Amino acid sequence: MSRRSRIRSAAAAVDRRTFLTATGAVGAATGLGLAFGPGGGSATASPPVPPGAAERLGAAARNVHTLPAAPAAKGTTLASVAAPRGSGPFRRLGDGPGWPRQTRTDLAAAKKGRADRRTTVASFVQFTDLHLTDVQHPLRYEFFRAGNTGSWRPHEALTMPGVVSLIERVNALRTGPATGSPLSFAMTTGDNGDNNSKAELDWFLTAMSGGRITPNTGHPTHYEGVQNSGLKLFWHPESPLRDTDKQRGFPHLPGYLAAATRTVNSPGLAIPWYSTYGNHDGLSGGCYPGVGSFIADVATGDRKLQIIGAAEAKRIIDGEAGGVDPKGKRIEELLRAHRGDTRTITPDPRRAPATVRDYLAAHLDPAHTGAGPVGHGYGKDNLDAGTLYYSFPVSDRVIGISLDSTDPGGHYQGSLGTAQLRWLERTLTEHQDRYALIFSHHPSWSMDNATPDPAHPREARHEGDELLAVLRRHRNVLAWINGHSHRNKIAPRGTFWEISTASHVDYPQLARVIEVTDNHDGTVSLFTTLVESAAPYRTDFHDLSQTGLAALYRELAFNAPGRSTDLAGGPGDRNTELLLPRR
């Protein structure tokens, strides 16, 4: 087997594991020269910094921020990380030692004295793979657990309090831990929801912008999901049933389901935020186009399949991981064959698949503006053209570019269409005098999906290797920042760094602060610092408050049967200083 084949084979194995878990199932930016326009970016032409922006922001905006002598580690994984305590099948969590910062010189040498010279170019936060989940949705694929234990998450009913706690952490940080410069924006790199449903889209936008969210669909007062199904395959927190997870030490928690579906209050991010599209935002189960298909009928209907045989589950899992099924025929055949085995639930039109237009219109709704900008990167031109890619000004010296790597033809792997790739090249050329930060959902090794776009069947699709080549040709690119794989991985790409960050649904549930500095010695540094949510490490099973549930979310995720134990990555994938030549 060739080296290239071995790399692709290893990447496919990683993404197969990702598939198994993913199917289960108004602030002001100061000091960095920010210029956020009122209408977002553009998918047809790269927007310049709005006229007069630097003058309005004053001298502090036109000059980069000088670093403090002693940046703070408090509230980050530099200071502490959740760690297991005790023994037994169910481990409790407590304070653990922090992860030190690693300096990586793969692309440039570290020169002495740079800490005394450097100034900040950008400072922001990356969220990714939040997977806000409607756990009662009829098209959740919990039944895959019969074939793979890790394909259903016992903690996924708590995604909402978990995400709100992460927002609270970022609001409390205020500044970058490496530079002390104000955090100027946040970017979510896709899979904001889980089931491509209108309800989850509304929950995501409300959580990020601030407001009250009730993570419940169907019956207004009675939970209708696998956790009160009577099936031993799933954790039943309120029942004395000796299910398989209780046999592993999971607790009996009366009142849990009512607490998990009650109203949650989100303060919203205190800084502007931007949005990138992921496969779970656009495809049912992250795999199947749902709009106008049988999937739409099932999603809003009154029947829910909860369990199938182990052999059948394994066969479908292997089929989905091994080949594209753009029309979802395997799932359609399964649901039809098992119609007599389904549970009757309360139908809800809010569970309907969200179209691209739905997604864009919801972002542009003034009710979801929060700290801004209106549209969170998307503009009216995106809505008119039906495109999900744009550029935006990060600072006077940096342009941000958000790509749409989801293949609308189906499957969980990604790619880009020709029109978008050409737009990207034009945008990078037009802004060659500014640094560029690239954002997408899929990483390079998960972009091997050539399924045609049903709306543009003759348009070629372009994979990760081709995108890497394009980015290398443009020497102003500093980093390609993404998610999807649910693991921390940082790789040198010849002329830039590829930074992939773990999800906030699978343990260790992290976000990443990224700070860019000019070292004034011919090099640039990218500082990456991981953060956990604000929830306490120590969990009180009797505390079903919003904060208590956020703490429980982390502890249940750590103990989830079948979870991958290497998602945190190695030391060089976590808290780092990544050096680059200055161009």
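**Close-up views of a predicted model**

**View 1. Lysine 246 and aspartate 243.** Both lysine 246 and aspartate 243 are buried (under 20% relative accessible area; exposed is over 50% and partly exposed in between, with a 1.4 Å probe and protein chains only). Their side chains form a salt bridge with an N to O distance of 2.9 Å (a side-chain nitrogen of Lys or Arg within 4 Å of a carboxyl oxygen of Asp or Glu). The model is predicted: local features need pLDDT of at least 70 and side-chain atom pairs pLDDT 80 or more, while totals for chains, interfaces and linings use all residues. Residues are numbered from 1 along each chain as its sequence is written, and side-chain values use heavy atoms, without hydrogens and water.

View 2. Aspartate 134 pairs with arginine 351 in a salt bridge, with the closest N and O atoms 3.5 Å apart. Aspartate 134 is in the loop between β5 (119-127) and α5 (159-173), and arginine 351, 217 residues away, is in the loop between β11 (343-344) and α12 (356-364) (helices, H or I with at least four residues, and strands, E with at least two, are DSSP runs numbered from the N terminus). Both residues of this pair, aspartate 134 and arginine 351, are buried. A salt bridge also joins glutamate 142 to lysine 304, the closest N and O atoms being 3.2 Å apart. Because glutamate 142 lies in the loop between β5 and α5 and lysine 304 in strand β10 (residues 303-304), this pair ties together parts 162 residues apart in sequence. Glutamate 142 is buried at 0% relative accessibility, and lysine 304 is buried with a relative accessible area of 0%.

**View 3. A salt-bridge network.** Salt bridges link Arg140, Arg153, Glu156, Asp194 and Asp506 in a network. The whole structure has 26 salt bridges.

**View 4. Helix α11 (residues 329-337).** Ile331, Glu332, Leu334 and Leu335 of α11 are buried. Seen down the helix axis, the buried residues of α11 fall within an arc of 160°, so they line one face (the arc is that of the directions from the axis to the C-beta atoms). Glu333, Arg336 and Ala337, on the other side of α11, are exposed.

**View 5. The second largest cavity.** The volume of this cavity is about 70 Å³. Residues lining the second largest cavity include Asn192, Glu200, Phe204, His280 and Tyr359. Helices α6 (198-209) and α8 (279-282) each supply at least two lining residues, and α6 gives the largest share, 3 residues.

Note on methods
1 Å grid on protein atoms, 1.4 Å probe; cavity = no way out; pocket = protein on both sides within 12 Å on 5 of 7 lines; lining within 4 Å. Points joined across faces, edges and corners; volume = space filled by probe spheres on them.
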